[in-house]
Amino acid sequence: IRSWSNIPFLTVPLSRAHGKSFAHRSELKHAKRIVVKLGSAVVTRGDECGLALGRLASIVEQVSMLQNQGREMMIVTSGAVAFGKQRLRHEILLSQSVRQALHSGQSQLKDMAIPVLEARACAAAGQSGLMALYEAMFTQYSICAAQILVTNLDFHDEQKRRNLNGTLHELLRMNIVPIINTNDAVVPPPEPNSDLQGVNVISVKDNDSLAARLAVEMKTDLLIVLSDVEGLFDSPPGSDDAKLIDIFYPGDQQSVTFGTKSRVGMGGMEAKVKAALWALQGGTSVVIANGTHPKISGHVITDIVEGKKVGTFFSEVKPAGPTVEQQAEMARAGGRTLAALQPEQRAEIICRLADLLTDQREEILLANKKDLEEAENKGRLALPLLKRLSLSTSKLNSLAIGLRQIAASSQDSVGRVLRRTRIAKALHLEQVTVPIGVLLVIFESRPDCLPQVSALAIASGNGLLLKGGKEAAHSNQILHHLTQEALSIHGVKDAVQLVNTREEVEDLCRLDKLIDLIIPRGSSQLVRNIQKAAKGIPVMGHSEGICHVYVDTDASVEKVTRIIRDSKCEYPAACNALETLLIHRDLLRTPVFDQIIDMLRVEQVKIHAGPKFASYLTFSPSEVKSLRTEYGDLECCIEVVDSVQEAVEHIHKYGSSHTDVIITENEQTAEFFLQHVDSACVFWNASTRFSDGYRFGLGAEVGISTSRIHARGPVGIEGLLTTKWLLRGDNHVVSDFSEHGSMKYLHESLPLPQRNAN
C-alpha cells in the first residue's frame, strides 16, 4: 500500500531489475513501468482535422486499467497539431467576413478558401485542448493526468534532464499519468536521423524518438508504439507477399524494405524501427502494433501486456529453432511433397513409424515416466488426466497395430476419383480427393495421440502442426523425433512439426493464412476455448461427450449390465463413456433395475439422480445439478423416461450429439431409436465405447466430430481429405455452347476406375 495526499491505494507487486529487455512475449505481463506512444494516425481522424475521440477513449480506458493494477503508465502523444488545426479552421470560418457571409446566405461559404495553416501555430492552439480532453477522460477512472512538453534541448542540458527525470518520477510516485509531447510550437524542423546510429544518444526529432529516449531515461520495462499498421512487415504493407514480422531481432534490418511514412505525423516505419532498436539496446522491450483497427484497438494495449501475439515484438534473444510461422510454412511445403509421393511410399513411412514404436519402447516409456513423475510431484493433474498421460507396452503395441491398419487402408486415399463426367465431346471432368492442407492438432495429456494423428496426416498427405500439453513434453518430444525419423526415409521430415515455442493456443488459432483446419483433442473446456479463439479457421471436434444409454422395457437382463458396465467403467475418462443412463419407468423396482444399481455400486460408480428419478425415491442419491454434465470419472446420472420417444427427446435436449445407445430386444423400437436420434453415432445393443476410429476399422482417429458438415463421428483418413475438380479439354470455349454454337452439353456419367483391391 502506498499513500498520496493521505489517501491509500493498492498496487500489484510488479518488479524486475532493469537493464535487460524481456526475451519472450509471455514475460511482458511482468512489466511495471510502461510507455505508450500514440502516433498521429492513431489519435487523428481520417480527415486529419480533429481527433478520433472513440479511439482515444478506448486507449485511455486500457491505460487506466493497467494503472489501477499498480503499473506506472506514461503516454507520449501526438494530436496537438490536428486538434489545433480543427480549432483554427473553426476560428477562420467564424471571422468577421465569414460571419457577414453567414447572414447573407450559405452559398458564399462554398467559395471561401481556407489558408494553409502553419504547424507550429496549430500545435500552440491545440495543446491546451488536447490536454483538457485527456484530463476529462482520465477523470472518469479517478486518475489524474499531468502534461509535460519537451524539446531536444531538454535532453542535452544535464540540469534539464535531471529536472525532467525528477518530475516524472514524482508524478509516477503520486499515481499520476504523465502525458508527454514534443513542444511543436517551438520545435525546429526535423533533421536527418544520422544520430540514431549512436547508442548513447538519440535526438528528439519526432514522438518516436521522444518515446524511445524517454523509455531509456526512465528505465522503462516496455514501450508500446501504436501506429496505423499491424506492425513491422518485411516489405511495405499492401504489397504482394508482404508478411507481418512477429519478432524482430537486431541485425534484421537488411531483410526489411521500408515504404513511405503514414498519412500524418513526422516519422515513418523506418524511424520507428530505429527508435525501437535504440530503446531495446537501452534495456526496454518494444512492441509496434496497430492502434487504429476497430476490431483490436479496444484491447490492443492490454493484449500486448498479457503477452498475446499482437504486432511486432522486438527481442534480443533469438530462439534456437524456427518460429511457429516458419514451422507452418515448412509443414505446408512438406505436406505437398508428401502428397506427391506414391501411396506405397506413404504406407512405408507409417509402417516404419509402427516399427519404431515397438523397437524404441524402452526409451518412450522412460520419457513418459518422467512426465508422470513431474505431474504427480506438482499435483496439477486430476486422476483421469493422469490415466490419459500414461503409456504402457500394451498401449504402444495397440498403437503399432493401428498404424499398420492405417497404412493398409491408405493405398488409394489421395487422388481417388470420386466422379467422372463427359461434359461434351473430348471434354472430361473428374472429381478427385486431395489433402486439406495444414492441420493444427492441439491435444492434452494424450501422448499416444501424436503418432496416431501423424499417421493419419501422412496417409492423407497433409502437413501437420502438433501442439501438445506441457505435462507430456518428454513423451511428445521422443514420439515426434521417431515420427520425423520415419518421414526421413522419403525426405519429407518437415511435414510433421511439433510446436515447442511459448506460443499460446489463442495465438496459434489466429494463423488463418497458414493453417487450414484445427482439431482439438482434450477437455470440453479446451475445445470450447479453441472454437471461440479460432479466427477464420474451421474447427473439427466436439465440445462435450455426453453419451446416453437407454434401457428399454424389452431389454435383455444379461445384456444390460454388461453393456452399461463397459460403457461407464471400462475407461470413464474417455469422451465416449456413458454419462447419463435413461431407464424406462416400467423397469423401476424390477430385478433388471436392481441388478443395474448393484453393478454400479460394486464398480464404485457415484450416482446422481435426475429430477424424475428422484421423485420416485424416498431416499434418493444426490440430485443432479445439470442434465448436461460430462463427468469423465466413475460418476453418472440416472433419469427415468416413459417411452422411447421421450428418451429420444431427452437426448436431443440434453445430449451433445456424440454417441447414444439403446438396449432392447424389440427390433421395431430399436429401429425407431436408430433413425430418430440425431447423433454422430447411434448403437443398438452395443457399448458406447465402440465409438472409436480403431474399433471402426479406421486404424485411428484424429477425433470424434459432432459437427454436421464435412466429417461426423470418428474421423479417420476420409475426414482429412477434400476434393478438387480436374477438367481435360481440347481447345474448348464456353461460347461454342451458346444458343448458336457448334457444341452441346452431354453431362454423361462415366465409370470410375477400379479401386485398389488391398
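Analyst: Domain bounds here come from an automatic or database domain assignment. With those bounds, domain 2 (324-533) and domain 3 (548-701) both give residues to the lining of the second largest pocket, so it lies between them.

The model is predicted: local features need pLDDT of at least 70, side-chain atom pairs count only at pLDDT 80 or more, and totals for chains, interfaces and linings use all residues. Residues are numbered from 1 along each chain as its sequence is written, and side-chain values use heavy atoms, with hydrogens and water left out.

Now the pocket itself. A pocket is an open set of points on a 1 Å grid over the protein atoms alone, where a 1.4 Å probe fits, with protein on both sides within 12 Å along at least five of seven lines; lining residues have an atom within 4 Å of a point. The second largest pocket has a volume of about 1100 Å³. Volume is the space filled by probe spheres set on the points, which are joined across faces, edges and corners. The lining counts 45 residues. Closest to the centre are Arg-446, Asp-448, Tyr-571, Ala-574 and Arg-689.

Next, the elements. Helices (H or I, at least four residues) and strands (E, at least two) are DSSP runs, numbered from the N terminus. Helix H14 (383-389), helix H15 (393-409), strand S16 (517-521), H19 and strand S23 (703-705) each supply at least two lining residues of the second largest pocket. H15 gives the most, with 5 residues.

By class, this lining has 16 nonpolar, 15 polar and 14 charged residues. Ala, Val, Leu, Ile, Met, Phe, Trp, Tyr, Cys and Pro count as nonpolar; Asp, Glu, Lys and Arg as charged; the others, Gly among them, as polar.

For comparison, take the largest pocket. Its volume is about 1800 Å³. It is lined by 43 residues, with Leu-244, Lys-309, Glu-325, Arg-510 and Leu-511 nearest its centre. Helix H19 (524-533) is among the elements that give two or more residues to this lining. The classes are 15 nonpolar, 10 polar and 18 charged. Domain 1 (25-92 + 118-188 + 201-314) and domain 2 (324-533) both contribute to the lining of the largest pocket, so it lies between them.

Last, the setting. The protein chain comes to 24 helices and 26 strands. Of its 758 residues, 52% count as buried, meaning under 20% relative accessible area with a 1.4 Å probe, protein chains only.

Technical notes: Buried means under 20% relative accessible area, exposed over 50%, partly exposed in between (1.4 Å probe, protein chains only).
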